[in-house]
Amino acid sequence: MNVERLLADIQGRESYGGQVIHVRERPARAATFSDAELPLHPEVASLLAAQGIEHLYSHQAEAISAVLGGGHVCTVSGTASGKTLTYLLPIVDALYRNSGSRALLIYPTKALAQDQLRKLGDYGAGERFVADTYDGDTPRDRRRLIKRNAQVVLTNPDMLHVGILPYHHTWSDFFRNLQYVVLDEVHTYRGIFGSHTANVIRRLRRLCAHYGSDPRFICCSATIANPEELTAKLTGLPLRVIADDGAPRSRKLIVFWNPPVVEQVTGRRRSGNLEAADLMALLVRREVRNITFTLARSQAELILRYAREQLREGGLDARVMAYRGGYLPLERREIERRLFAGELLGVTATTALELGVDIGGLEAVVMAGYPGTIAGAWQQMGRAGRGHEDALAVLIGLSGPMHQYVVNNPDYLAGASTERAIIDPQNTFILAGHLMCAAYELPLGDGETALFGRKMPAILEVLRDGGYVIERSRWYWVDPELYPARDISIRSASGAGYDIVHADSGALLGTMDGQSAFRMVHQGAIYLHGGQTYLVEKLDLEERVARVRPADAEYYTQPLVMSEVRRVTEGAETAQAGALHLELGPVTVRSQVVGYQRIRQVTEQQMGSEALELPAEDFETMGLWLLPSPEAMRLPEDEVYDQAGALHALEHVMIMLLPLFASCDPHDVGGISTPLHPDISGPAICVYDGYPGGVGIAEAAFRVVPELLQAAEQTIANCPCEQGCPACVQQASCGSMNRPLDKAGALKLVRWWLTERKSDE
């Protein structure tokens, strides 16, 4: 594909309004091969040759050699670099030498497990050995056969947590002979999900030891700044990191695309979702196979709906689909089949297809918003151009400050190093849940602190006082009939999830974790599924069911969230940045969804709001306080500004920019601001981890406050709006409806703080 010609065609359209603001080229790179002779079983070497692989890339050979030598290994390389072979060949080699060998392959998504199962077929699965997926989509009548017969099991952390480890006695032969454990795409295990997964892996290692095995761990990751630290925290083991990528890379044109401003006063830009739909429809008409990545399920559905409306006249609307979590298993399998077979020309997808799924033949990627991390952005862009053909990647700047900062500063993505992935396996709330699960699986001994960490004894005492465990010579779960894993969601801090059910037929449309339910399927919410619009009639908190009915709505909904934060000074770490006093320490938070806004599709205009009465969530976490001195709040020459509005605006932009400096999602972070906080008797901004106990986000922010303030100043200053907009200081989920806000005051204040810091230095 001639990417320059395609881009020229896009820019030559009559409707083009100067959206392309930067273009960067990522040049092609030649491969580096290895001449090393690996001691593979002759039949395995023959299978490799049958795949047309005559030489291994340098990183593949080094990783495989290290694994065969008995070590724990993590391979870090780019997309389409053949990381799969670094674990597939050692596993297949072991099976060809000893059919009693077992391997457990853990993937963060079901789609990736399905894709890898297909690849195993090329190396003897189905003929020489038995491999199968074991996850929430696996029919119950097949599960017993898999436990009894499968030599290679492909699963995800969720199923390992809730469906395998608690029933380990039915897997005893598998665990007894387990030789390899694979953790693929480890860069995705960050924040709350990574912290949970680290404890799931410790439970797995504990059960393996119980059955007499000590498996080797093989990890694979996209490029991140701290692979050695992350894999050590995930597994509790030292891993050898191999990061010298020898794979070739195709040439890629990266386009930074900003929707045009349609209202100068408010700074409102044309909908980024509509821009993405336009690009998708254009690519489909030119038969350019493409994928559009979105940040949320609802966004994937909206873009699909807009694109289908444009493609209906030419009869191409059936050639595009959405793919996201929450779809039922049969729906996902059919979409995957059509995608891999080339029947679909375009797909809108959440991160479910971001990871190493070899779709093949994709020529273009559209990212409807910056995915939150540099590693994630490169993963998404890597879905296209996986052969030697040139490819096009388009990053669309949505209205938020994070997105606008990235599209206006292309070198942040094109030239910066990747972020650190942050997890905290010792988060008290997370660890407590997994200690309950571990006690259910096998009684816990005091000597297991080496596995679960120094907090284990104190947490077990609290669990004993709460009636969850009893202490004899060891720690025992109180009631074998109770099943603790069932009520612990490892992708959120919210416990059991909700079913989304058709109000008339009773059909199950999808599922949602408990933390998201209050925000996305509250009464009155618009729920999008399969390109169809549903209105939530009722969210039943007792039955944990959202009942929905088809609706012809011309709008979607955004939740409004209010927070109250109290300061806990004991154990706080402090620092000074000019006239700003910084404090990192424990906080208590009360967060509540208090209402929702209706937002018109296509134009993105607000259509009004409704109040809700939902339970508040109370939790303890970690927070970063910015505490300005009286001098820091007094602008030079006594300029007049709205202190509450300026602090509120800065709070919003800091929260929305924080993912650029700490590997997290904006939804992982909360905040408050006030000119007079009751615990401080003065002005304050607090940014806190949105999870009980915290997972290191506030701590990461504490280390980069000057850089965060500089990015905030640049974002506010560069925004063309006059009074503040979603691209700079407005926040869609603000419970006070973005009142008060003082954009001009925020700019003056942050510039004054930065000036004060420079003069202090």
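Helices and strands are here DSSP runs, numbered from the N terminus. I note at the outset that the model I consulted is predicted.

**Entry 1: Glu 185**
I looked up where Glu 185 sits: it is in the loop between strand 6 (178–183) and helix 9. Its phi is near 55°, which is a positive value in a residue other than glycine. I recorded this because most residues other than glycine have a negative phi. Is Glu 185 buried or exposed? Its relative accessibility is 3%, and buried means under 20%, so Glu 185 counts as buried.

**Entry 2: Ser 681**
I then turned to Ser 681, which is not a glycine and yet has a positive phi of about 60°. Ser 681 belongs to the loop between strand 29 (669–677) and strand 30 (682–689). With 62% relative accessibility, against a cut-off of over 50%, Ser 681 counts as exposed.

**Entry 3: Pro 740**
I checked the peptide bond between Arg 739 and Pro 740 and found it to be cis, with omega about -5°. Most peptide bonds are trans. Pro 740 lies in the loop between helix 24 (705–718) and helix 25 (743–760).

**Entry 4: Helices 9 and 10**
Two packed helices are described by the angle and the distance between their axes. For helix 9 (residues 191–211) and helix 10 (residues 227–235), I noted that the axes come within 7 Å and cross at roughly 55°. Helix 9 is therefore oblique to helix 10. Which residues of helix 10 does helix 9 meet? They are Ala 232, Lys 233, Leu 234 and Thr 235, and the helix 9 side includes Gly 194, Ile 201 and Arg 205.

Key
Residues are numbered from 1 along each chain as its sequence is written. This is a predicted model: local features need pLDDT of at least 70, side-chain atom pairs count only at pLDDT 80 or more; totals for chains, interfaces and linings use all residues. Side-chain values use heavy atoms; hydrogens and water are left out. Axes are lines fitted to C-alpha atoms, for helices over the stretch in contact, and angles run from 0 to 180 degrees between N-to-C directions. Helices (H or I, at least four residues) and strands (E, at least two) are DSSP runs, numbered from the N terminus. Angles under 35 degrees count as roughly parallel, over 145 as roughly antiparallel, 65 to 115 as roughly perpendicular and the rest as oblique. Contact means heavy atoms within 4.5 Å. Buried means under 20% relative accessible area, exposed over 50%, partly exposed in between (1.4 Å probe, protein chains only).
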